[in-house]
Amino acid sequence: MSHWFHRNCLKATGPLDTKHLTPILTSQKANQIVNELKQKRAQLVSKMGDLLADPKATPVIDDYLTLIRGFVQSAEGGASPLQDLLKFRWTQSLGTREPEVQKCAIYEVANVCVNVGLWYMKRAAKVASTNNYVEADAKEVHTCLRTAAGVFEYVLEKVAPNLDGSQLEDWHDCSVPVLQAYKLECTAEAQEVTVARAIELKHKPDLISALAHETSKLFSDADVALRESNTEYVTKWRRYLQSKIKFYNAYARSFQGEYLLTQDKCGESIKTLQEAQKLYKEAQVLCKQYENASGNAVGEVRPAKHPFFQKLGPIIDLRLQKSERENGFIYYQKVPEDLPELELKATFGLVAPLPFEVPPVHAIFTEEAYKDFTIQQTPGPKITSQDKDDLPPAKETDIGGDTNGIKNDSGCSIQ
């Protein structure tokens with residue numbers, strides 16, 4: 001296994017209820033729109049849990065989004081008269097099985113997109129969970145994570161502002177803190193792939209140090225986004241982010257220490273590597289806390305046993321021993337009390353989300369098609385107590401992964 005990624009559960013949803021629309025569907029085209037919407041939605045929901053399928057090669061995502069967008073806005077760009085015609089039920093990736101219910105097509109677009117983003121995240125974890133991990137796999141993991149970051153960025157900036165924020169808790173998937181955390185986590189994880197690549201190709205230690213430091217900062221920003229969510233739902237997720245903060249800071253200090261030795265700054269190298277040891281031990285503590293924390297994570301993982309974590313400790317120890325040995329034989333430099341500053345900005349390798357857009361309104365939504373829905377003849381769907389009944393968890397392919405057999409400096413296998 002090349003990387004370890006924490007993953008929250010997919011969102012579950014109930015089937016689309018359209019019985020109340022029967023009296024207002026006055027034409028064959030109106031019936032066609034509703035039937036196709038139901039069909040494409042059911043296909044999409046059943047496909048999302050299949051991590052063996054590549055979301056990028058799954059046309060039903062766009063097929064459904066282009067149809068539901070016709071319920072959000074008209075082809076001319078104004079608000080669609082069908083916007084409040086259907087009710088949608090969705091659970092939260094962090095929460096219980098009780099769904100949130102809203103009569104709002106914008107709410108549906110937001111939740112579908114969030115689940116697509118989660119699908120890309122899980123696909124990345126699935127591809128990364130094999131020992132037969134080659135360069136093509138690394139590229140797919142990298143692309144999946146950047147795509148997921150772009151999906152969450154799209155929802156955050158273009159969809160969520162149009163939702164009724166009064167109905168959102170700060171741990172709900174469409175809330176600003178959660179969307180921001182998902183976007184930053186995906187960006188950081190994509191940058192993990194970059195760091196691993198740089199290590200395997202033996203790039204300069206100062207570049208790797210800077211990249212690792214930037215990666216740590218991204219995980220830190222994701223953790224900060226969740227800080228105000230005073231709920232146990234985010235505890236496990238935050239422990240994951242915090243362990244990665246410490247881990248990549250330890251990586252940054254380890255490679256900085258190696259670089260300082262090449263610059264004949266042996267005293268500073270020792271100080272830096274001592275800090276790397278301290279950070280690594282703190283990461284191990286957080287990994288243990290992660291194992292015991294409550295949360296809605298998929299699978300039972302012991303990150304402290306993962307090769308990616310286990311490999312770093314001995315590397316730091318060996319580098320520190322070398323610097324101390326060289327200082328005793330050659331340099332005789334005093335170990336400073338203050339830590340050398342880390343490079344604040346990497347020159348190369350920084351990751352950005354890939355742009356994502358929902359496709360335009362389907363061509364079937366003409367002015368005449370909207371008129372075929374005699375909306376004035378129905379009060380719209382009613383939200384009942386039964387709508388709040390627990391939904392079964394979304395079906396997901398096991399991410400799997402074997403943590404044995406990786407024998408290199410990064411814990412990754414990139415060829």
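Modeller: Accessible areas come from the Shrake-Rupley method with a 1.4 Å probe, and for residues only the protein chains shown count as cover. By that method, the accessible surface of the chain comes to about 18500 Å², and carbon and sulfur atoms account for 48% of this surface. The model is predicted: local features need pLDDT of at least 70, side-chain atom pairs count only at pLDDT 80 or more, and totals for chains, interfaces and linings use all residues. Residues are numbered from 1 along each chain as its sequence is written, and side-chain values use heavy atoms, with hydrogens and water left out.

Biologist: What makes up the secondary structure of the chain?

Modeller: There are 11 helices and two strands, each a DSSP run (H or I over at least four residues for helices, E over at least two for strands) numbered from the N terminus. In order from the N terminus, the elements are α-α-β-β-α-α-α-α-α-α-α-α-α. The C-alpha atoms fill a box of roughly 90 × 35 × 35 Å along the principal axes.

Biologist: Why is Leu37 called buried?

Modeller: A residue is buried at under 20% relative accessible area, exposed at over 50% and partly exposed in between (1.4 Å probe, protein chains only). Leu37 has a relative accessible area of 1%, and therefore counts as buried. In the chain, buried residues make up 56% of the 415 residues.

Biologist: Which residues does Leu37 touch, and where does Leu37 lie?

Modeller: Leu37 belongs to helix α1 (residues 28–48). Contact requires heavy atoms within 4.5 Å. Leaving aside residues up to four places away in sequence, Leu37 touches Leu16, Tyr64, Leu67, Ile68, Phe71 and Leu86. The C-alpha atoms of Leu37 and Leu67 are 6.3 Å apart, although 30 residues separate the two in sequence. For the chain, 81% of the contacts between residues at least 6 apart in sequence join residues at least 24 apart.

Biologist: Why are α3 and α5 called roughly parallel?

Modeller: Helix α3 (residues 105–127) packs with helix α5 (residues 176–200) at about 25 degrees, the axes being 12 Å apart. Axes are lines fitted to C-alpha atoms, for helices over the stretch in contact, and angles between N-to-C directions run from 0 to 180 degrees. Under 35 degrees is roughly parallel, over 145 roughly antiparallel, 65 to 115 roughly perpendicular, and the rest oblique. The pair is therefore roughly parallel. In this contact, Val114, Leu118 and Met121 of α3 meet Leu179, Tyr182, Glu185, Cys186 and Glu189 of α5.

Biologist: How do you know how many residues of that contact are nonpolar, polar and charged?

Modeller: Ala, Val, Leu, Ile, Met, Phe, Trp, Tyr, Cys and Pro count as nonpolar, Asp, Glu, Lys and Arg as charged, and the others, Gly among them, as polar. By class, the contact of α3 with α5 has six nonpolar, no polar and two charged residues.

Biologist: What makes α6 roughly antiparallel to α7?

Modeller: Helix α6 (residues 205–225) and helix α7 (residues 235–262) pack at about 160 degrees, with axes 8 Å apart. As this angle is over 145, α6 is roughly antiparallel to α7. Their contact has 13 nonpolar, eight polar and five charged residues.

Biologist: Why are α8 and α10 described as roughly antiparallel?

Modeller: Helix α8 (residues 266–292) and helix α10 (residues 312–331) pack at about 155 degrees, with axes 9 Å apart. This angle is also over 145, and therefore the two are roughly antiparallel. The residues of their contact divide into nine nonpolar, seven polar and four charged.
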